[in-house]
Amino acid sequence: GLRYKEPAQSTAAIPAEVDFVVVGGGSGGATVAGRLSEVSKWQVLLLEAGPEEATVEQVPAFIAQTLGTDKYDWKLQVEKTANDITGTIPRAKMLGGCSAHNGMVYQRGVEADYKCWEKAGAKGWSFKDVLPYFKKSEDNLDPDVAKNRAYHSTGGPLGVMRAPYKDANAHLLRAAYKEGGFAEVDLNGGHDEGFGWSQTTARHGARNSANTAFLQGVRAQRKNLHIATGIKVKKVNINAQTKRVESVEYVDRKGASQVVKARLEVILSAGTYFSPQLLMVSGIGPAEQLKKAGIPVIANLNGVGANLQDHVLVSSLPTITFGKTAIVPTAQEMLQHAKLFKKGAGPLTTNGLNSMVVRTRSALQPSSDARPYVQVQHAVGWQGRNLVPYCEAAVPTVNTTTCYYNKVTVSVVLLHSKDAGTVQLNATNPYGPPLIYQKILTSDQDVRAIASGVKQITDKLVASKSLKSAGAKVELPAKGAACGNQKVGSQAWHECLVRANGAASWGHGVGTCSIGSVVDSRLRVLGGVRGLRVADASVMPCVPSGNTNAPSIMIGERAADFIKQDHGVIRANRGRA
Ligand SMILES: Cc1cc2nc3c(=O)[nH]c(=O)nc-3n(C[C@H](O)[C@H](O)[C@H](O)COP(=O)(O)OP(=O)(O)OC[C@H]3O[C@@H](n4cnc5c(N)ncnc54)[C@H](O)[C@@H]3O)c2cc1C
């Protein structure tokens, strides 16, 4: 019932000249392109390096199918440094960008996050300023959530809903967090701390990426919207005298270099790792780096590639093995699930235990910081016996067991770190992958804060009567050899485990083209450059206290409004254009 078909690839011709070129069709770019193309007199071209969105990812139970694949993932490598953690960073390479393969969790962050943005120079980006743009996109499909009109709205292009299906183990987890003293709240409804069924970017039980929300429905009708996938942009051509953007250079499907002229503006939405690289190869960035790579300097902006902030997932985590296996379908039931999915119901509509989110302060985070430092999500897994996995029967590329599980890893995440990393140009191969230097757990403060978060959550789960009485077993994080002399379960033991077992990026990198140092508050590139903006996660000066897709889409919404205002299409106001 679920035979998988790859989407047809676009062969659209690329015009020689347009009004706007948007580079990158991810959360920010798809939103900008969709919104700009509402103005019928404007010719808008969206260039995306990856293919069309992988349809398999539209089934929430199959999230992460495309992670690590050559076709749909950039598989970025982190550079090795003496005391830092290396590894790969997943980054989607397809229309929809990371919104097409992420965990679907919809979070906006908290008010204090946007205070941090304003403090960094992002004037006019307080929570009060950005809320209308979150609401502008939103079509909240849960009436009990949507009725809170101060925070939510309906009718926007982006479906937001809780997964319609929750299995028995998810309910058990809910009981455990309640018992642990967490308030069950709407984490997008003005509450900094608490827990709840997570809101997800979905409609009718299926994923709603920025592509399916902002482009898919209008693509065929809008003759002024040109979308070309499989097209990698090489650089932006900027007049060295006037510093005005003239055109975009890209590699066509046959591998030849081509140029498209941008009459009004170019908007870079290639994401946190590629937007700064594109600026640098186009002559905007730290002069020293550009000179080393032989690139003529148009604007010496030291902020380009700096301030890389991310959420950090530690490796030493508690696990819960449940007494019962959730969702073990027979062949007959699998077919039933496929039929239910078409109606927006059943187990295929859930992103697994990603459907439960906890956000809290760490007991050992800096007390002066109003932002919560700890978020908890859950990664399901299988432990025990062999079986023919459900997902594997349905789709060809599978690396998940979301479809059934008896075990969950409690994913504890550090939301704010002391140090920031960098994205740098590779002087010997400036057009190849950029050099990524992360700063993960490089300070004692970070280790203390996250170890305390793991301890807080673990202690509550271990003490949970609901879990115990249902036969679930909570196991402490695996013991590192070096931690034997610490008391098991103590803060010192948790800190030791965090140091011994390491951590990784949670895929939420931001900040490398920050408002205030690379772009101004209207997202225009600084340094006297004209006709160039950045609109994606890279402009966030501080990483939000929550997943970063919704803020990236909000940035896309604002960028489109700034452009419409600056070109006299709408008046300078907030909310709907
Ligand atoms: C595995 C994973 C799970 C995540 N889970 C969640 C979650 O559950 N909830 C959440 O809110 N956030 C999540 N995130 C983060 C969130 O999805 C991202 O922060 C957000 O999508 C970033 O949007 P963006 O527009 O900045 O970049 P992207 O969405 O990455 O878009 C950039 C696009 O530009 C294209 N591009 C790059 N270079 C070029 C070029 N030279 N020419 C043409 N195109 C180019 C890329 O192919 C890509 O499509 C997750 C991220 C990952 C990686």
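Contacts between residues 24 or more positions apart make up 72% of the contacts in the protein chain with a separation of 6 or more. Two residues are in contact here if their C-beta atoms, placed from the backbone, lie within 7 Å. This is a predicted model: local features need pLDDT of at least 70, side-chain atom pairs count only at pLDDT 80 or more, and totals for chains, interfaces and linings use all residues. Numbering starts from 1 along each chain as its sequence is written.

The protein chain holds 15 helices and 25 strands. These are DSSP runs, numbered from the N terminus: helices are H or I with at least four residues, strands are E with at least two. The radius of gyration is 23 Å, close to the 25 Å from the globule rule for 577 residues, so the chain is as compact as a globular protein of that length. That radius is taken over C-alpha atoms, and the rule is 2.2 Å times the number of residues to the power 0.38. Along the principal axes, the C-alpha atoms fill a box of roughly 70 × 50 × 45 Å.

Now the interior. Of the 577 residues, 55% count as buried. Buried means that 20 or more other C-beta atoms lie within 10 Å of the residue's own, with C-beta atoms placed from the backbone; exposed means 12 or fewer, and partly exposed lies in between. Nonpolar side chains tend to be buried together in soluble globular proteins. The largest nonpolar core has 153 residues. Such a core is a set of buried Ala, Val, Leu, Ile, Met, Phe, Trp, Tyr and Cys residues joined through C-beta atoms within 7 Å. V21, V23, V266, V312, V412 and I450 touch the most other members. Leaving out residues up to four places away in sequence, I450 touches V312, V314, S362, V412, L414 and V498.

Next, the ligand. Around the ligand stand 42 residues, and the closest are G24, G26, G97, G103 and N547. A residue counts as near if its C-beta atom, placed from the backbone, lies within 6 Å. Elements giving two or more residues to this shell include helix 1 (27-36) and helix 15 (549-566). Helix 8 gives the most, with 4 residues.

Finally, strand 8. In this strand (residues 199-203), 4 of 5 residues are buried. Strand 6 (residues 158-162) runs antiparallel to strand 8, joined by 3 bridges. Two strands pair if DSSP finds at least two bridges between them. V160 stands opposite T201 in strand 8. Strand 8 also forms a hairpin with strand 9, with 2 residues between them. In the turn, H204 has a positive phi of about 55°.
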